[in-house]
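Have the viewer open while I talk, and stop me whenever you like.

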Amino acid sequence: MRIAILLSAGRHAVSGRPAPVSVELQAIRLARELIRQMAGEVDGNAAGDITGFHAGPDAGPLKDALGHGLPRLIQLSIGAQDDPLPSLAAALGAERFDLVLAGRSGQGGEDAGLLPYALARTLGLPIVADACALAAGPQHGTVSLEQALPRGARRRLTLRLPALVTVHPAAPAPLPFAFAAMRRGMLETREGVPAPRAAGEVEERAYRARPKLIAKSAAGASATERLKAATEAASSGGRLIVDPAPEDAARAILAHLRQIGVLRD
Amino acid sequence: MIPPGPPATPAAFCLSLVILSLAGLALALAARRARLWCVGRGVRVEWVRGLLALPKRYLVDVHHVVGRDPFAARMHALAAGGLLGGSGLALLALIPTLGGARLYWAVIALAFAGALAGGVMVGRRRYPTKPARLSGGRFQILPFLLTAYAAGAMLVAFDAALGGALPALAWPALALAVIGGLGLALQVDRGPMRHAFAGATHLVIHPRPGRFEGERATDLVPLDLDAPRLGVATPSDFAVNRLVGFDACIQCGRCEIACPAFAAGQPLNPKRLIQDLAAAIQPNAANAAYKGSPYPNARAVAGIGGPDLPLIGAGAMIHPDTLWSCTTCRACVEECPMMIEHVDAIIDLRRYQTLELGALPAKASPPLMELRYADEPGGRALAARTDFAAGLTLPLISATGRAEVLLWLGEGAYELRYGRTLRALVTLLHTAGVDFAVLGPEERDCGDLARRLGDEATFQRLAAENIATLARYSFTRILTADPHALHALRNEYRAFGGAYEVIHHTALLDELVAGGRLTVGALHEARVTYHDPCYLGRYNGEIDAPRRLLDRLGLARLEMERAGKRSMCCGGGGGAPVSDIEGERRIPDIRMAQAAATGAGIVAVACPQCSAMLDGVTGERPEVNDIAELVLMAVEAGRAKAARKDVARKDASRPPEPVA
Ligand code: SF4
Ligand code: SF4
């Protein structure tokens, strides 16, 4: 089992200092526990390997990921303005990884959470979002994973490898940091693929939490009703279909998209 | 051939020979044990200085601790003095001129009589019921061996002093002495008698010689972060003099009854810990020989060890929960008559767990992570540290670059409860006209928590960065209300190049009140009891200033049974609140019950941790107030009284107003 983990240049949410991203550290733990479970033994490297990849000008505090249980980190050296996608795609394409893990989004850096999707498309890999648990699958070459859904719901999936999986914050906490493990871990720097992005494409704004929408029905209603509307799980008006036939599911999705005005014929 | 000037009696001569061979046997066993110590890391020790200092260290420092239990002190003086004195003199009796003198044998008989009395006292202490803190097993037969040897030798010497008048008594007595003596000698490497030679060696090569010279040697030894192995994993990672220290333990259990974690039913017993460490130094070690009280609610361990086998782990000698239960309060160190440094050993073991294995309790890991990236264990903004002072003037040192006093706020500043204390302190400083300032957003955590949890790397980084910040400003001293920060800044930063005069707020307030810069009114004899913070009292010896200050406030001060340097921990130190090892009771509840037992209505505290821990106790209990809050109340009471007098004076001097 060969697992690759994507690590991004994050920042601490309060101090703003460079810091590893928690979901990515959680991905390391999931990977280690998966390999340990498959091997049925303690040594994380015996039954497979885990390699971290970062594309950026400098590994910085990502070295700390080595202290959280990552044995090897490869930094693909590119300029600060370069797009990391080509570098990552080249590096991951060159080696055969069974599983690529990424955080569901970074923190403080380029954290749109789109990169895993773009990478999966480039590599031609299936992608599953928001895993919070991983285990060996029923057949060889599969993993079974738990996907975190809103409001604490979980969905169990079986996934044929190779695949790309993003990790949700509901996964188990990162392994505690061990200074000496960081010292021992291997950090390798390779040339990345220069891929300058057109400047000015992205508008930067200070982050502002999105205000909570108050359900329309409650606007102007009594205070109790407004409170109820604000605190009770606001239903987005969807319909829950359990185990539908693919055609029914597609029809239901199209109908919904039409209803909310995303699709127009 | 019997030398000229025949010995007093043949039995006496035989006694001397027996003692000679027993001494040889004891020496051989001791040497065998001492060889095991050599698995430890080599250290530089000042042998000559240590040897010269031995009598003073033993007679003054050890007996200062032993003497807290007068019965034990008398018992030990008689047993040890009699045994060593009698045996030594009897050995010298091999010199013909001495051995032939009846008077000399009378002196020997007297010495052994003392030993006998000591032996009887040892027995009285253990029978009919053995106190829980004392160990059983080999220790329970000790009084019989002692009395047998002492009584036998005494009778032989007595007979010799009488010129051999009682031969029928002398020979059976000699047999008794042989049995007792052999039993004692055989106990030298594993049994109770080990403490004698290991203890003496420990006093000579003690890892903290400063403590015998009145130095407050309580700071931890900095770790070389480039060393191949960080911290202690196996007995062979300990320095030799630490291993000798473990062997010196006499299992008196004084540490056990002082330990707050033990009292709370957490799986820690410092005595058992030291015994496990001592047992582990021999190959194929097991922990089965120990016969004292166990770790409360002990977690199962394999109980196997050896010089190069791990000490910590379910498959080793000591369970990790034992290690993480310690509050680093040093009560055990304070009580230990053998001068063992338990806390240093615990921190060395934690360092390995944290730095090498990352094996620390689940809840202790997030604060360390926040410290790494935000310099604050709660992950809060450094700039928010001064939020408690909203509405007060809090000068920033960056504005002027200098201040007379630099106020170090510490972690407590983020807590609502302790914010009140700091507001009181700041108000008092303004009232007294002290020229002070704070670092504001430039103040990082002092690193105490990281260091106690074994994360020396983070501690050293924080220390270096704080020292660099402090170097940019000029001030005469640092004031803090947090004894943990005080200890780190005053004692532990020194090794990293930061030497500061650090003063605790209780000491400064005492100074200000004494100097008349703060006028206090009496607080009407409110009954108050003072809880000493471990890091102020035991670690830094400051037990008088807070009490003096309380007395100046016109309070009725009551002492708890455990106070001053022998005070009991609130449970807040050493990262124990974040490690959160399960026990039966909570340490602060125990301490609060002790406070309530004095009948006081107020527990005065002087530390943010104590404040948080004791204020977290539920139910009917005394109020918890920091001394700064009490001083502020007294200052306000003084002001109100002055104002009343003023009004009264004005009223008296004012002409009566005409009625309209
Ligand atoms: S460690 Fe010290 S106090 Fe504790 S039992 Fe041993 S000798 Fe006594
Ligand atoms: S330092 Fe305190 S908590 Fe730790 S073992 Fe000693 S007495 Fe117990």
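Let me start with a term: when I say contact, I mean heavy atoms within 4.5 Å. By that rule, 23 residues of chain B are in contact with 19 residues of chain A.

Quick housekeeping. This is a predicted model, where local features need pLDDT of at least 70, side-chain atom pairs count only at pLDDT 80 or more, and totals for chains, interfaces and linings use all residues. Residues are numbered from 1 along each chain as its sequence is written, chains are lettered from A and ligands numbered from 1 in the order in which they are written, and side-chain values use heavy atoms, with hydrogens and water left out.

Back to the interface. The size of an interface is often given as the accessible area lost when the parts come together. Buried area here is the accessible area, with a 1.4 Å probe, that two parts lose on being put together, summed over both. For chain B and chain A that comes to about 1,500 Å², with 53% of it on carbon and sulfur atoms. On the chain B side, B:M369, B:R372 and B:Y373 lose the most area to chain A, and together they make up 39% of what that side buries.

Now the polar part. A polar contact is a pair of N or O atoms within 3.5 Å; within protein, one must be able to donate a hydrogen and the other to accept it, and residues adjacent in sequence count only if both atoms are side-chain atoms. The rule finds 11 such residue pairs across the interface of chain B and chain A, both partners at pLDDT 80 or more.

Which elements of chain B do the touching? Helices (H or I, at least four residues) and strands (E, at least two) are DSSP runs, numbered from the N terminus. α15 (342-357), α16 (365-374) and α20 (456-471) of chain B each supply at least two residues of the side that touches chain A, and α16(B) gives the most, with 6 residues. By class, that side has 12 nonpolar, 4 polar and 7 charged residues, where Ala, Val, Leu, Ile, Met, Phe, Trp, Tyr, Cys and Pro count as nonpolar, Asp, Glu, Lys and Arg as charged, and the others, Gly among them, as polar.

On to salt bridges: a side-chain nitrogen of Lys or Arg within 4 Å of a carboxyl oxygen of Asp or Glu. A:R17 pairs with B:D375, the closest N and O atoms being 2.8 Å apart. B:D375 also meets B:R461 in a salt bridge, at 3.0 Å, N to O. B:D375 sits in the loop between α16 and α17 (397-400) of chain B and B:R461 in helix α20, so this pair ties together parts that are 86 residues apart in sequence.

Next, the ligands, where a residue is near if one of its heavy atoms lies within 4 Å. The shell of ligand 1 includes B:C249, B:C252, B:C255 and B:C336, and divides into 8 nonpolar, 3 polar and 1 charged. Around ligand 2 you'll find, among them, B:C259, B:C326, B:C329 and B:C332; that shell has 9 nonpolar, 2 polar and 1 charged.

Last, some backbone geometry. A cis peptide bond joins A:L161 and A:P162, omega about 0°, and A:P162 is in the loop between β9 (154-160) and β10 (163-167) of chain A.
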